[in-house]
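Please open the model in your viewer and keep the sequence panel beside it. The tour begins at a single residue and then widens to the chain around it.

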Amino acid sequence: MKIVIKTDGVWYHGSNVLFSELRTNSTITQWKELAEAFSHQPAVLAYDDDGVISHNGVEKGYLYIIDEPVDVQNDIYQHPRTTMDENAEFLTKRPLKVRMISEL
């Protein structure tokens, strides 16, 4: 599956914990549904070529957006150990402000 990163796009993080600042080395993505799925803390997560996600997570989750500009060149990098397609998930190089936008 091809995932295109928009430099001015929205970045998401899914978690089962409430907080206001995302720690360094946290995972973010521009794929909203992926962040939603990760918020449920699955042990197994997969998606097909059409982007349909399946997982076994059962935790209550929260969806966050990054609430400050993200410099793709300096603030994040491709997750080095991902099993997902390129541009699916990134790690943060510094703490980032977040805003919870949904309880899942």
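**First stop: threonine 29**

Select threonine 29, and then display Val10, Trp11, Tyr12, Leu34, Ala35 and Ala88, which it touches when residues up to four places away in sequence are left aside; contact here means heavy atoms within 4.5 Å. The model is predicted, so local features need pLDDT of at least 70 and side-chain atom pairs count only at pLDDT 80 or more, while totals for chains, interfaces and linings use all residues. Residues are numbered from 1 along each chain as its sequence is written, and side-chain values use heavy atoms, with hydrogens and water left out.

Is threonine 29 buried or exposed? Threonine 29 is buried, its relative accessible area being 4%, where buried means under 20%, exposed over 50% and partly exposed in between, with a 1.4 Å probe and protein chains only.

Next, show the side chain of threonine 29, which reaches the backbone oxygen of alanine 88 at 2.5 Å.

**Widening the view**

Now colour by secondary structure: threonine 29 sits in the loop between β3 (27–28) and α1 (32–39).

Finally, show the whole C-alpha trace, which spans about 30 × 30 × 20 Å along its principal axes. Of the 104 residues of the protein chain, 39% count as buried.

Technical notes:
Helix = DSSP H or I, 4+ residues; strand = E, 2+ residues; numbered from the N terminus. Polar contact = N/O pair within 3.5 Å; in protein donor to acceptor, adjacent residues only side chain to side chain.
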